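Student: I would like to learn how to read a model of several chains, feature by feature. Could we go through one together?

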Amino acid sequence: MTAKARAATLILLALTLAACKREERATRLDPPVAEALDKVAVLPVGIGGRPPEVYPALGSPYRSNAYQLSQGKRLYEWFNCRGCHADGGGNTGPALLDGWWRYGPDAVSIFVSIRDGRPNGMPAFRDRLTTEQIWQLTGYIQSMGATAISVAAPSRSDRMQSRPAENRAPATFPAPR
Amino acid sequence: MACLALAPAGVVWASDGGTAPEAQPGFSTLDQLTPANVGGLQPVASLPTGSRGAHGAAPVIAGDTAFILTPFPHELLALDLRAPGLPVKWRYRPAADSMAAGQGGGGRNAPVAEGGRVFFTTLDGHAIALDAATGVVLWDMRVADLAQGETLRAPPLVARGTVLLGNGGDDFGARGWIAALSAETGALLWKRYSTGPDEAVGIGPGFASAGQEANLGVTTWSPSAWQHGGGGVSGPILWDAAAGLVFHGTGYPAPWNPDQRRGDNRWTSGLFARALEDGAARWFLPVSPHDLYALGSTTPNLLLDREWQGRQRPLLVHPDANGHVYVLDRLSGALLSAEAFLPVNATEGLDPAQGVLRRNPAKQVRSGGTTTGICPAHPGAVGGAAAYSPRTGLLYIPARRLCMDLEARDTTFIPGTPFTGANLRQMPAPGLYPGALVAWDLGAARVAWTKDEALPLEGGALATAGGLVFYGTAEGVLKALDANTGAELWRFQAASGIIAPPVSYQGPDGRQFVAVLAGTGGFPGAAAGREIDIRDATAAEGRALAMRRLPQPPEAGGMLYVFALP
Amino acid sequence: MSDERPPHDLRDTMLAEASLAHGLTRTWRTPAGLLGALSTVDHKIIGRRYIATAFVFLALGGILGLLMRWQLARPEARVIGPDLYNQIFTVHGTNMMFLFAVPVMEAFAVYLVPLMVGTRNIAFPRLNAFSYWVYLAGGILLWVAFILDTGPDVGWFAYVPLSGPQYAAGKRADIWAQMITFTEISALAVAVEIVVTVLKQRAPGMSLNRVPLFVWSMLVTSFVIILAMPAVMVASTALILDRLVGTHFFNPAEGGDVLLWQHLFWFFGHPEVYIIFIPAVGMISSMLPTFCRRPIFGYLPLVLAVVGTGILAFGLWVHHMFTTGLPRMGESFFTASSMAIAVPNGIQIFCWLATIWYGRPVLKTPMLMILAFFFTFIPGGLTGVMVASVPLDTQVHDTYFVVAHFHYVLVGGAVFPLIGAVYYWYPKFVGRMMSERIGRWVAGLLLVGFNLTFFPMHILGLQGMTRRIYAYPEEMGWGGMNLFVSLSAVVLAAGFLLFFIDVFRAARHGPEAGENPWGAATLEWATASPPPPYNFARIPVVRSANPLWDSPDSLPVATGLRVDRRELLVTSVTEARPEAREASPSDSIWPLIAAICTCSMLLASIFTPWAVVWGMIPVAAALTAWFWPKGSPEEEA
């Protein structure tokens, strides 16, 4: 094989192996993996902690994979999150858009908030959503309050427009109150 | 009448329900303050309540004690009116289930003093009775199930040894009800629902029907939708002692998305008259059947005995969230008048034959669709309790003039989460200020004058026999207007916004005092009021953007202000 | 103009054959080496590249088709998962329509039209080079994206709201939409060149009634491209804006319209299939006289039929939307127009049949492919008339019936004539003949394999098998026929494989072809095989529609063009009277650089709208350098 052809094959192979993580669609998790995703280690104060070991092994997809984020967005509407948090602007629940997190910005805190609920009105969804769905919501909510624009974040919905899409609007921090 | 003995003449508080026109909520018979001298009104006391929440209810004056119930998590304060500076005699803080904070901050829980006792309801579903002098708990009953989305957000009514209260939680799909507890023991005497079979609702032989079918509370709904149908009794309940009837409105049906509950949705968004003994319904007026816009009919009512078109009639006056003033004969339930007090486009006037407003087909709401520019917007055109002055014959309505874009989406009932199925954007009505105090000539059924406000008015009005109208704005300005002309005579800037009605009482030294609770908790109505982000046009049900000019300085929190002439 | 001739004004009248050829070669040749290859503006080299690239895409798309058939061969097979299957059928369709079918027809035009009209080079040759690079970039974009798991997965026509910002997560649909932009720029460029070449650069005496039918077809096709392609560019731009910027073109909640996409797309999409079909019609009209050894029957009706087809093609698009709930009255109109377009097609077919009937047919491979066309396209056209009926279409829309129909008309109507055209013009392009024996095998395998593969799909569609499903349950009873279809697809693939083998084999080992191995009538056969860089030593003068048959020994020529610089003859539109000598641009690297700048800008705009703003700067710079005036004065004849 000529040198040129060899180089071309290697490049092609490299490209294939580095298949774009952003676009991957895992439509179903293996049940043991799904179960393992529930095992977050939470700090005693309930804020912060360590994600399950299987999470980085999966490639931390829930924050950076376009499909997972769009699933999170769908679940956000289907499970009545809008009733308390509006489209991120807040109502009876705090705003999720403004980059201010009562329990910290990391994924584990948000996951625990959704799974176990929080005082002052956040219900627990552990009996209503699968672990994978809670992680999808977590990733989506983080993308709502993100401070940098991400290519994988969802674009505008086919709905009444409420705010700029997640992929266009980084968070701005609110004035101190 | 024993309740009146506790207070000097002219004291008004949240509920008594006597038929004397002078003893109406929102009207003070004191006439010391007049348009001539109100300019000299000064603050004489200011007391922090210790809560940073939304103070939606007025202090209750009973004798020489003022009772203040702070917003959730509640604390009941008893203040000594005799001493300067209003020291706290005792305070009581019930155990609070913090999950109730998710119900939102729009509650107007207030205490009621009667027979040496103080009764109040809590947002997390308790009805509590205390001894008024000492603050000792007499009984504490959990009546509303928070896990099902029920809450209590209105003051109870105490009538003939019965404590009447109704639930809130339409937004959470809670089925509405009104219940009567024994004032002595707190035991449940009866409970009637706003949806469901006739027996549960209280439709029986005494009900004034005109050939109506049976079980309308089931048949006018999509199958089993009535079980999470809303219709909560989340407004004040009134009582006509002579007739033995209690009057209340029912809230809007759940979910807001009308296609999931096809039919007229009895018995939501209407007015009920019930017998006090057993809650049996006497009559029902449907105000907004198949409510498309989540308006409901729980705005405070007034019971007036006055002349109507030539003859004296017992009236129930109901300024409704749909922007019309309803006048009914409260004994028969006959609708006498329903006229709009501000421009609306969701309806096109009363259909006299049907007794309901005609819908505007251009503002139809469909699941999956967006309807723009609906006026009035949720939660309605009436922002606070209206006040009636028998001197001027005017009804003073604190109004919101907002319009909305509504997008209805299919939703699922998940207990403990909102069951609405609609997203809103709100904006001021075109060409109008978003708030106004509307002076409505009750006899002539038209607007006498309007005082525009830069923001919707969320607190009730107070009319005095001296010819003044007092009300507070969300920016924290307490104003006094001439009751006849609407000219602004006096104003005071509070350190926090005002969403509660002012009250007036005669102090131990004989002076007329005006008191108001200030404190909005950030964005009024939102439990997380300080954490609203208006980049989302649907935040706080769309009102955040419409009210974005609301100043957001660090609030001082809840404050009680008392004013008098020096 | 003035009598003063600048020095070095060397005309072809002054030179004898050998030195003429030498001089012209020096002026028109493409230098050897990489730079020469990258900066050439010779339409034949670019045309060959186009054809080769298009056939590479055909092979790749065919592999995707085979993968689909492998997955569908058995019920609920696990060969390919749903996500990959979605990408495969989308890329298969997109590749075939945008990267193979239209470009290959354009490519043949790029190569043949200047030769057929008797000119030295195509009009706007640098634009021609630019269009090839942009096309290549678009194809690479799509295929690299597919390899990277970012291939579009929303169907080749990417309906919103599925391809919209809410339901198509990630960048896959953006890649599709931007690839459209690449291929449309390329197609529009070539269309413009063809129109100008055909209208203004024909050989003297080639009045409009003597223009070869293939050239007529390409002229009509080019107009259809110019009028139809902007619709899809608007649609894909609106889609990218919706997805990237958050506009609401297709959002009904904010005043947009979902059907707008379908209208815009199909307003292009239906003429698109005629963009593919009309050149094939032209190919048949060119090949048939040669193999029937008589001039084509009904030249004028054929021209009018082609023009009529091109015009009527714009009135059919709603027949793709019969199930969207449009008013019945409107749909009925499109039923009528969809049936009406069978009339010009029918005229063409009868003219061809008459040519065969009154001729003396020679059954060489191109003729066999034409017969295969008849036996395939006509049934496809008949099922087309069937689906033009709204009630029937409502039953078979989005089923395999439609898949069968459009493969019959596209493969039968375009690919078979294309294969025939390759066999026919290969000697001209390469200088060697392809194998007649292998050609017969190819024709047979293709015809039999195609019919065995796609005919049962009619039945599957009527049985209810829907399109775009990656698996079907056993209980539906489709397994047997699907297995048969998949096995037949292997036969079809074998035919194509043989064809490719023959193409490669004949390049080295085929017998040498002379100037006119088939004894054909049109001008491209009047020069060497392959033609020299300058096409014709002197511009021929045409006196009839079949010049090589009417003047078999020698052709009259027009002389007076310069030899020392690139020049061609511009003639009038209708009568082809000589008007002026036009300088033809020489080789330039700027088309490649402009293409690189444009493609980078378009690629980056998938990710951020600012790319359009910043990307304009290098594009403007490249275009400025491209168009920088050379300063040489034009002379008039």
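Student: In which strand is the place of B:L478?

Tutor: Before the answer, a word on conventions: this is a predicted model, in which local features need pLDDT of at least 70 and side-chain atom pairs count only at pLDDT 80 or more, while totals for chains, interfaces and linings use all residues. Residues are numbered from 1 along each chain as its sequence is written, and chains are lettered from A and ligands numbered from 1 in the order in which they are written. B:L478 has its place in strand β34 (residues 477-482) of chain B, where helices (H or I, at least four residues) and strands (E, at least two) are DSSP runs, numbered from the N terminus.

Student: Is B:L478 buried or exposed?

Tutor: A residue is buried if 20 or more other C-beta atoms lie within 10 Å of its own, exposed if 12 or fewer, and partly exposed in between, with C-beta atoms placed from the backbone. B:L478 is buried, because 23 other C-beta atoms lie within 10 Å.

Student: Which residues does B:L478 touch, leaving out those up to four places away in sequence?

Tutor: Two residues are in contact if their C-beta atoms, placed from the backbone, lie within 7 Å. On that basis B:L478 touches B:F470, B:G472, B:R491, B:F492, B:A494, B:I498, B:P502 and B:V516. As for B:F492, it is 14 residues from B:L478 along the chain, and the two C-alpha atoms are separated by 5.1 Å.

Student: What is the secondary structure of chain B as a whole?

Tutor: Chain B comes to 4 helices and 38 strands, and its C-alpha trace spans about 60 × 55 × 50 Å along the principal axes. Of the 566 residues in chain B, 63% are buried. If one takes the contacts in chain B between residues at least 6 apart in sequence, 62% of them join residues at least 24 apart.

Student: How should I read backbone geometry, and which residues does a cis peptide bond join here?

Tutor: Most residues other than glycine have a negative phi, and most peptide bonds are trans. In chain B, a cis peptide bond joins B:F72 and B:P73, with omega about -5°, and B:P73 lies in the loop between β4 (65-69) and β5 (76-80). Another cis peptide bond joins B:H378 and B:P379, with omega about 0°, and B:P379 is found in the loop between β25 (370-374) and β26 (387-389).

Student: What is the phi of B:E541, and what is that of C:E76?

Tutor: Phi of B:E541 is near 55°, a positive value in a residue other than glycine, and C:E76, also not a glycine, has a positive phi of about 50°. B:E541 lies in the loop between β37 (512-518) and α4 (543-546) of chain B and is buried, because 28 other C-beta atoms lie within 10 Å. C:E76 is found in the loop between α3 (43-72) and α4 (82-117) of chain C and is exposed, because there are 10 other C-beta atoms within 10 Å.

Student: How is a pair of packed helices described, and what are the values for α7 and α9 of chain C?

Tutor: Two packed helices are described by the angle between their axes and the distance between the axes. Axes are lines fitted to C-alpha atoms, for helices over the stretch in contact, and angles run from 0 to 180 degrees between N-to-C directions. The axes of α7 (residues 213-245) and α9 (residues 299-312) of chain C come within 9 Å and cross at roughly 15°. That makes α7(C) roughly parallel to α9(C), since angles under 35 degrees count as roughly parallel, over 145 as roughly antiparallel, 65 to 115 as roughly perpendicular and the rest as oblique.

Student: Which residues meet in the contact of α7(C) with α9(C)?

Tutor: C:L213, C:W216, C:S217, C:V220, C:F223 and C:V224 in α7(C) meet C:L302, C:V303, C:V306, C:V307 and C:G310 in α9(C). These residues divide into 9 nonpolar, 2 polar and no charged, where Ala, Val, Leu, Ile, Met, Phe, Trp, Tyr, Cys and Pro count as nonpolar, Asp, Glu, Lys and Arg as charged, and the others, Gly among them, as polar.

Student: How many residues of chain A are in contact with chain B?

Tutor: 32 residues of chain A are in contact with 38 residues of chain B. By class, the side of chain A that touches chain B has 13 nonpolar, 11 polar and 8 charged residues.
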